[in-house]
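Please read them with the sequence and the structure open beside you.

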Amino acid sequence: MTKQEFLLLLQNGLSGLPKADLEERINFYSEMIDDRIDDGLSEQQAVLEMGEPEKIISQIILDYPFIKLVNQKIKPKRKLTALEIVLIVLGAPLWVPLIIAFFAVIFSVYISLWAIIISLWAVFASFVACAFSGIICGIAFCFTSHKLTAVALIGAGLVLLGLSIFVFYGCKAATKGILQLTKTIFNSIKNSFITKEEAL
């Protein structure tokens, strides 16, 4: 791939960014490629060292401030007419509650997912607490006449300790999955604010 093709792919993928930010990133990668060429690499090798354009685009979008994207997206391209302002104000009783409801649903789903994760970690903590309590109580019962109870408590404690190991790995995997899901959803929302326009 040539430098021009690489930069064109970046420009197409990031065309929804504000013009100044887009130009800054294109210039940055252009200079990086030029530096590598100056160091003795061929144009194709220099471009190859940059990495895949799709991954670079995804990373730039991930790192780009969300508030800046929203401000750029909702900023009107032209001045609103008096009629448009009146319609926005009159429609506010309809669209404001809908927007609030939309974000409330998103927020409640997000909180519910994390509540499940917290519950799983609470189960893990209770397994560990019960395991150690059973073992300690079993050891205490060893010094009384209740030897059978002591064996049962120690056995139950060891079983719970073993189960807690499985629960720990399950909690860890679930937490990692929710974090990845959150990141994916957030990236999707960010991507929806970046319109893929044709590069000039």
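Which residues does Ser-164 touch, not counting residues up to four places away in sequence?

1. This is a predicted model, in which local features need pLDDT of at least 70 and side-chain atom pairs count only at pLDDT 80 or more, while totals for chains, interfaces and linings use all residues. Residues are numbered from 1 along each chain as its sequence is written, and side-chain values use heavy atoms, with hydrogens and water left out.

2. Ser-164 touches Phe-124, Phe-127 and Val-128 once residues up to four places away in sequence are set aside, contact meaning heavy atoms within 4.5 Å. Ser-164 lies in helix α7, residues 147-193 (helices, H or I, of at least four residues are DSSP runs, numbered from the N terminus). The side chain of Ser-164 also reaches the backbone oxygen of Leu-161 at 2.5 Å.

3. Ser-164 counts as buried because its relative accessibility is 4% (buried is under 20% relative accessible area, exposed over 50%, partly exposed in between, with a 1.4 Å probe and protein chains only).

4. Asp-21, in helix α2 (residues 19-38), is likewise buried, at 8% relative accessibility, and touches Tyr-64 and Lys-68, again not counting residues up to four places away in sequence.

5. The structure holds zero disulfides, a disulfide being a pair of cysteine sulfur atoms within 2.5 Å. For Cys-137, the nearest cysteine sulfur, that of Cys-130, is 10 Å away; Cys-137 is partly exposed at 38% relative accessibility. Cys-171 is buried at 2%, and its sulfur is too far for a bond because the closest cysteine sulfur, in Cys-130, is 15 Å away.

Terms used
Helix = DSSP H or I, 4+ residues; strand = E, 2+ residues; numbered from the N terminus. Polar contact = N/O pair within 3.5 Å; in protein donor to acceptor, adjacent residues only side chain to side chain.
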